[in-house]
Amino acid sequence: MINILKIIFIAIFELLPTSPFQVMFDQLMTDFDFLPYLNWFLPFDTCSVMMLAWLDCVLVYYAFVLTKKIVVDFVLQKVVSAGLTIAAGAGALGG
């Protein structure tokens, strides 16, 4: 079964044309002499570190919000169910 799927995928892949961007990419690879100067003006390593730190902060925030929602919903469910139990018990006692 896996071999049949492999053959089908290879046949579909063979039908697709070659990448039209390959020629442009090959030309760009020879013209990267300006990259050190661009990196001096806009330091990509620092930008990537700052972007990852920002992403970490956003992920921690969303994890905190999700955890807070789960805990608050759980506590409210317990309080409401306990309140209904107390109210049902008081009604049964005639209070």
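pLDDT is the predictor's confidence in each residue, from 0 to 100.

This is a predicted model, in which local features need pLDDT of at least 70 and side-chain atom pairs count only at pLDDT 80 or more, while totals for chains, interfaces and linings use all residues. Residues are numbered from 1 along each chain as its sequence is written, and side-chain values use heavy atoms, with hydrogens and water left out. I noted a chain average pLDDT of 83, with 84% of the residues scoring at least 70. Where pLDDT is low, the predicted coordinates should not be read in detail.

**Fold.** I found 4 helices and 0 strands, in the order α-α-α-α along the sequence. Helices (H or I, at least four residues) and strands (E, at least two) are DSSP runs, numbered from the N terminus.

**Surface.** I then checked burial: 0% of the 95 residues count as buried. Buried means under 20% relative accessible area, exposed over 50%, and partly exposed in between (1.4 Å probe, protein chains only). The chain has an accessible surface of about 9,200 Å², and 78% of that belongs to carbon and sulfur atoms. These areas come from the Shrake-Rupley method with a 1.4 Å probe; for residues, only the protein chains shown count as cover.

**Nonpolar patch.** I located a nonpolar surface patch of about 950 Å², whose residues include Phe 34, Trp 40 and Phe 44. Patches are made of residues with over 30% relative accessible area and no salt bridge, like charges being joined within 9 Å and nonpolar side chains (Val, Leu, Ile, Met, Phe, Trp, Tyr) within 5 Å. Helix H3 (residues 35-41) gives the most to the patch, with 5 residues. Tyr 37 is found in helix H3 and is exposed, at a relative accessible area of 64%.

**Salt bridge.** How many salt bridges does the structure hold? I found 1, counting a side-chain nitrogen of Lys or Arg within 4 Å of a carboxyl oxygen of Asp or Glu. Asp 73 forms it with Lys 69, the closest N and O atoms being 2.8 Å apart. Both lie in helix H4 (residues 44-93), 4 residues apart, about one turn of the helix. Asp 73 is partly exposed, because its relative accessibility is 37%.

**Aromatic pair.** I searched the whole structure and found 1 aromatic pair. The ring centres of Tyr 61 and Tyr 62 are 5.6 Å apart and their planes stand at 55°, so the pair is tilted. Rings of Phe, Tyr and Trp (its six-membered ring) pair if their centres lie within 6.5 Å; planes under 30 degrees apart count as stacked, over 60 as edge-to-face and the rest as tilted.
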